[in-house]
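Here is a short report on one protein chain. Read it with the sequence and the 3D view open.

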Amino acid sequence: MKQDAKVVIVGGGIVGCSLLYWLTRMGWNDCLLLERLELTSGSTWHAAGNATHFGHRPDLTRLYVDSIRTYLDAEAESGQAIGFHQTGSLRLATTQAELAAYRSFESDYQALGVPYRLVDAAEAGRLHPLLNLEGILGAAHTPDDGHVDPSGATYALAKAARARGAAIATQTAVKSIEPDSRGGWQVRTATGCIRAEHLVLAASFWTRELLVQLGLSLPLYALQHHEVVTGDLPAIAALERELPTVRDPYCPSNTRQEGKGLLCGVYERDPVFWGVEGIPPDFGQELLPNELERLEPNLLRVMERIPAFGEAGIKTVNNGPICYTPDGSPLVGPLRQHQGLWVAAGFAVGIGTGGGAAALLASWILEGSPMHDPGPVDPARFPADLSRADCLKQIRETYAAGYALPETAVA
């Protein structure tokens, strides 16, 4: 294994591999990625793989747009299939304020070159014939959306980066990090010490654990997040095309086709935290115990919106930890308390924004300034004295809001 590198990235999920890809694509090949288990072993492996152009906040839209482009580019370069299903998606509007907000976004998408249009309820029903249209005023339709295979996308990124000279070391847990006298970093693993000019922590909820030894406390914690997969439905089997993903502030949830059934990600009103006092040191690729009864209020609303959902038996329930920050957006950028220390963590939607966030961060590291406004994801946006109690309270409120647009978008 290399004993020094210009950039060392800790974390081999979609975010870390996206950053490795972008650093090499921009010309920095002396990069090393360290992963404690295998690539995708963190939150990536149990992700639904949803990839949309429509962010939950308008100021994050470019991260979503650049993420899909990143994965498609990596597939083309590497030859590794990412399993992209271009199904399109519908963001439902159940209030006039939401409808007006969706309409106001049209010029932004036009500027980014992304197909986007507002459709009425009848058109939404044509696009997704399993929808109950009661209460739907319209929807934002992004036809180029879809979902990827998270593992396929991660390995495509890694393969493309390796082809440009980057190195990846799996089964290599980081034991400690410390600044050295030359302005770089010493990264200690079980097999030796590596020196880096730049150190990037892209290790999801493990990032918080690594920074404690430096006296830094990041406002990110893990929540339990359930996904429900149904059995096959005759109504889906009879379709000639794949259904678009539905994101619904009423439920709140996202629901897409999975084979001949449905996959639904649920945002509970009273979410449960995990690992607040510390991540179990031996935690690997395990899922958490299912607590299906907690989901009942959400699932009943999903059945209202998509009646066929209630006709199919539940085949699989996955409950895995995902990272959240107080406003639901990731932490991407420098930790200014230390030279050469960067973070890319707190991704509630790692597949959705990981590729775009990596492009932003790579430009920031290489050029000294980001390619576009980093304000919505800059780690410095949160006050240093934010208490844990206030942080957890804000995370709970953000998660429970699901796909409700922020007040600034519907004012």
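## A residue in a strand

Thr255 is found in strand E15, residues 253-258. Strands (E, at least two residues) and helices (H or I, at least four) are DSSP runs, numbered from the N terminus. Thr255 has 3% relative accessibility, so it counts as buried. Buried means under 20% relative accessible area, exposed over 50%, and partly exposed in between (1.4 Å probe, protein chains only).

Which residues does Thr255 touch, not counting residues up to four places away in sequence? They are Pro244, Thr245, Val246, Leu262, Leu263, Cys264, Val302 and Ile306. Contact means heavy atoms within 4.5 Å.

## About the model

This is a predicted model: local features need pLDDT of at least 70, side-chain atom pairs count only at pLDDT 80 or more, and totals for chains, interfaces and linings use all residues. Residues are numbered from 1 along each chain as its sequence is written, and side-chain values use heavy atoms, with hydrogens and water left out.

## The cores

The largest nonpolar core has 46 residues. Such a core is a set of buried Ala, Val, Leu, Ile, Met, Phe, Trp, Tyr and Cys residues joined through side-chain atoms within 4.5 Å. Ile9, Leu19, Leu20, Leu23, Val200 and Leu361 have the most contacts inside the largest core. Helix H10 (350-367) is one of the elements that each supply at least two residues. The largest share, 10 residues, comes from H10.

## H1 against H10

Two packed helices are described by the angle between their axes and the distance between the axes. H1 and H10 pack at about 40 degrees, with axes 8 Å apart. Axes are lines fitted to C-alpha atoms, for helices over the stretch in contact, and angles run from 0 to 180 degrees between N-to-C directions. That angle makes H1 oblique to H10. Under 35 degrees counts as roughly parallel, over 145 as roughly antiparallel, 65 to 115 as roughly perpendicular, and the rest as oblique.

On the H1 side, the contact includes Ile14, Val15 and Trp22. On the H10 side, it includes Gly350, Ala358 and Leu366. By class, this contact has 11 nonpolar, 4 polar and no charged residues. Ala, Val, Leu, Ile, Met, Phe, Trp, Tyr, Cys and Pro count as nonpolar, Asp, Glu, Lys and Arg as charged, and the others, Gly among them, as polar.
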